[in-house]
Amino acid sequence: MPIIQAVERALKILDLFDEQDQELKITDISARMQLHKSTVHSLLKTLQMYGYIDQNPENGRYRLGMKLFERGNFVIHGLDIRKVAKRYLVDLSMKTGQTTHLVIMDGKEGVYIDKVEGPLATILYSRIGRRIPVHSSGVGKVLVAWKSEKELSGILAGYHYAAHTSKTITNEQDFRSELAKVRQQGYAIDNQENEPGVRCIAVPIWNHSGQVIAAVSISTLVSRVDDRELEHFLHLLKEAAEEMSEQMGYGIAMRNL
């Protein structure tokens, strides 16, 4: 199918905005897009007309519009697993004092679709909508560990194993060995592989057809949570994930095998 150039350019403009660049001048956008300023101006005005781009009246810089927030909420609220998981995330956070996350797979990365901040938590990396690499995160490992060989090979083809810390897995052979371990034990650990000093545990949530549809996790600081307490957290996490899986029809699927 042919790519519509104007649509592609508009989408690329939206992708320019992130945590570091929440507002951009038209000259910045023009330079990054390698497009003439007049072309960029037309694209921005069209996006602005429909609410996907806004302009700061104080400095004239462009920023993402509220329409994106609105549409994003439609997507998130349409995810049944998020509705099912919410009370468990809250309960786990209250019992452990830590931050809990719900993550789904999108392409070759995980995406945070919900989180609950714990009263003892100081972990700032995560936010709803943020993407996370599969090779260096507990949730990512869980999301790909039970994929078929064909699916896994597709994900790992050309995959970039960015070294976020000295403990990050940086090659396919080691990553595949790690995934085998995850399948065997039924859970994954990110042991300071994505952020120094942060250790996360994650388990899968299964659906009615026996597929992993999400991962739920608890994030902790190594300096505050020892191995014994982490083991207790894992027990709570597994219990919650089992109940969530049952609500997604997993028990029915297993009884029919």
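How many salt bridges does the structure hold? This is a predicted model, and the count comes to 15 salt bridges.

Start by selecting Asp114 and Lys86: their side chains meet in a salt bridge, 3.2 Å from N to O. Asp114 sits in strand β4 (residues 109-116) and Lys86 in helix α5 (residues 80-96), so this pair ties together parts 28 residues apart in sequence. Asp114 counts as buried at 1% relative accessibility, while Lys86 is partly exposed at 34%.

Next, pick Lys115 and Glu117. They form a salt bridge too, with the closest N and O atoms 2.7 Å apart. Lys115 is buried, with a relative accessible area of 15%; Glu117 is partly exposed at 43%.

Now hop over to Arg176 and Glu149, whose side chains meet in a salt bridge of 3.1 Å, N to O. Arg176 belongs to helix α8 (residues 172-185) and Glu149 to helix α7 (residues 149-156), so the pair ties together parts 27 residues apart in sequence. Arg176 is partly exposed at 25%, and Glu149 is partly exposed at 47%. After that, select Glu23, Asp54 and Arg63, which salt bridges with shared partners join into one network.

Last stop: color by charge and select Glu239, Glu242, Glu243 and Glu246, which form a negative surface patch. Glu243 is in helix α9 (residues 227-247), and Glu239 has its place in helix α9. Glu243 is partly exposed at 38%, and Glu239 is partly exposed at 39%. Before you leave, draw a distance from Glu239 to Tyr88: their C-alpha atoms are separated by 9.9 Å, though the residues are 151 apart along the chain.

How values were computed
Residues numbered from 1 in each chain as written. Predicted model: local features only at pLDDT ≥ 70, side-chain atom pairs only at ≥ 80, totals over all residues. Heavy atoms only, no water. Patch = residues over 30% accessible without salt bridge, like charges linked within 9 Å, V, L, I, M, F, W, Y side chains within 5 Å. Areas by Shrake-Rupley, 256 points an atom, 1.4 Å probe, with all protein chains shown as cover. Salt bridge = Lys/Arg side-chain N within 4 Å of Asp/Glu carboxyl O. Lys, Arg positive; Asp, Glu negative; His and termini not counted. Charge placed at Lys NZ, Arg CZ, Asp CG, Glu CD. Helix = DSSP H or I, 4+ residues; strand = E, 2+ residues; numbered from the N terminus. Buried < 20%, exposed > 50% of the residue type's maximum accessible area, 1.4 Å probe, protein only.
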